[in-house]
Every structure is written in C-alpha cells, then in structure tokens.
Amino acid sequence: MAEVGGARSHAHVGGAAAGRAWERGWLEEVDHPFCSGRFRRWWAATMRLNQNTMLLGKKVVLVPYTSEHVPRYHEWMKSEELQRLTASEPLTLEQEYAMQRSWREDADKCTFIVLDAEKWQAQPGATEESCMVGDVNLFLTDLEDPTLGEIEVMIAEPSCRGKGLGTEAVLAMLSYVATLGLTKFEAKIGQGNEPSIRMFQKLHFEQVAVSSVFQEVTLRLTVSESEHQWLLEQTSHVEEKPYRDGSAEPC
C-alpha cells in the first residue's frame with residue numbers, strides 16, 4: 001500500500017474536510033479576530049517562507065514545489081491507487097500547473113517536494129524531478145485556532161516506500177513549522193491505510209476521532225515542552241539551507 005497520510009482533496013477535486021476548508025477561502029474572506037488583516041499578512045509571509053528554503057536530512061531533501069516538479073507529480077496522480085488514497089480525481093497537465101501556482105501563492109499552505117537524498121547526492125547534476133519520491137504538506141484548517149495545522153505526506157514512488165522517507169519528511173516538516181507558532185498537528189488518514197496510521201502513531205500522534213462518513217481517522221499531536229524537545233532531538237541532523245529554483249546543489 002502506498003505511504004499516504006492525510007486527505008489531499010484540497011490539491012485535487014474531492015470531498016474531504018480539508019478540501020472544503022480551502023475552497024471556502026477562510027483566511028481571505030472571513031472577518032474574525034483570529035483572521036485580522038495583520039494575522040493574514042503574518043501568515044502570508046510565514047507560510048510562504050519555504051519558497052526560499054530547503055531542508056536536508058539523511059534520507060530526504062525537502063524543496064519547494066516548483067513548476068519543474070509538475071510533470072512528475074502529474075504522472076503520479078494518474079495512479080488509481082493514489083487517487084483512491086488521496087480522495088482525488090485526475091487533473092490535466094494544465095490544471096496541475098495552475099494548482100502548483102495556487103499552492104505557491106496560498107498563505108495557508110506549506111508544501112515541500114520530497115527528494116531521495118541518497119540519489120540526489122550520489123548523482124551530481126541530477127535534476128530534482130529525477131529524484132522526486134513524494135510530497136509533504138501543512139495546512140491551516142481551523143478558523144478559530146491558528147496554532148493547529150493539518151499535516152499530510154505521500155511517498156508516491158513504490159520503490160521508496162517502507163524505508164523511513166515518509167517518517168523523516170514528516171519530522172522535518174513538523175520541526176520547520178513549529179517555529180511559526182504551531183503547537184498542534186492533525187493527520188486525517190483513511191481507515192484502511194494501516195501503514196500510515198502506524199507511522200503517525202510512532203511519531204506520538206494519538207487517535208482522537210473516527211469519521212464513518214469519510215472513512216478516515218484523525219490523529220493529533222500536541223507539542224508540549226517534552227514533545228518539542230523530542231522533536232528537536234529527532235531532527236537535530238536536518239539542515240536548513242537557502243533555495244532558489246534550479247540552483248540547489250547536492251552537498
């Protein structure tokens with residue numbers, strides 16, 4: 001089974017809760033104390049910080065989602081298995097490019113493409129597209145709680161599943177966005193996706209809800225002081241480096 005943790009219908013047409021939240025455009029349209037102009041501008045800046053950031057781990061390299069990555073991503077999403085696991089419908093290539101631009105500009109999303117670090121470092125001059133294995137995303141989903149984010153990960157390449165790449169990608173993302181004031185994280189996973197459920201449980205997420213309508217479970221991690229320290233220990237090897245389209249070079 002594919003390593004897919006989290007509903008992804010906000011990226012492709014579908015019916016999960018996260019998708020409906022973004023379609024409403026909460027942070028852009030609703031007048032609310034938590035969504036004042038100052039708050040929206042602050043999140044617009046912080047959630048787009050990763051457009052100039054790459055995270056280098058032992059197993060994965062996380063880079064911003066750019067137009068260079070769209071063709072490979074588009075090929076992944078032709079998979080019926082991934083469509084089922086991500087509550088998605090296929091898009092045309094043109095629609096996929098439009099979606100990438102939307103993701104890049106949205107103030108309430110933070111997206112990294114996951115690269116195979118071993119392949120990326122072992123092949124000087126290799127394109128990022130040739131090293132892509134999946135993606136990891138963070139979304140603001142609760143209008144009344146700006147400290148809560150929904151996280152999801154997809155390891156789309158079958159040969160790269162079960163090797164800990166998804167785990168390191170999630171840990172790196174959690175550590176990165178925790179510096180932006182997020183203290184609670186949720187993952188919504190299909191009830192039948194046992195590998196992803198177990199992965200998030202190993203990362204200290206606990207089940208808090210089950211939806212029979214969407215056939216998914218919700219797991220949550222609250223980052224207490226001890227959890228924050230644990231997270232720092234798990235990601236002490238992850239390096240944050242500057243990134244510009246096409247200019248990142250393997251170490």
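Predicted model: local features only at pLDDT ≥ 70, side-chain atom pairs only at ≥ 80, totals over all residues.

Analyst: Residues are numbered from 1 along each chain as its sequence is written, and side-chain values use heavy atoms, with hydrogens and water left out.

Most residues other than glycine have a negative phi, yet His 204 has a positive one of about 75° without being a glycine. His 204 is partly exposed, at a relative accessible area of 30% (buried is under 20%, exposed over 50%, partly exposed in between, with a 1.4 Å probe and protein chains only).

Gln 215 also has a positive phi, near 55°, and isn't a glycine. Its place is the loop between E8 and strand E9 (216–222), and Gln 215 is exposed, with a relative accessible area of 52%.

In H10, Ser 196, Ile 197, Met 199 and Phe 200 are buried. They cover an arc of only 160° around the axis, so they lie on the same side of H10; the arc is taken over the directions from the helix axis to the C-beta atoms.

Phe 200 turns up again in the largest nonpolar core, which has 40 residues. Such a core is a set of buried Ala, Val, Leu, Ile, Met, Phe, Trp, Tyr and Cys residues joined through side-chain atoms within 4.5 Å. Among the residues with the most contacts inside this core are Phe 200, Phe 205, Phe 185 and Ile 151. Helix H9 (residues 165–178) gives the largest share of this core, nine residues.

Glu 186 counts as buried, at 11% relative accessibility. Leaving aside neighbours within four places in sequence, Glu 186 is in contact (heavy atoms within 4.5 Å) with residues including Phe 205, Ile 151, Leu 148 and Arg 220. The C-alpha atoms of Glu 186 and Leu 148 are separated by 7.6 Å, though the two are 38 residues apart along the chain. With Arg 220, the Glu 186 side chain makes a side-chain polar contact of 2.6 Å; that term means a pair of N or O atoms within 3.5 Å, and within protein one must be able to donate a hydrogen and the other to accept it, with residues adjacent in sequence counting only if both atoms are side-chain atoms.

Definitions and conventions. Helix = DSSP H or I, 4+ residues; strand = E, 2+ residues; numbered from the N terminus.
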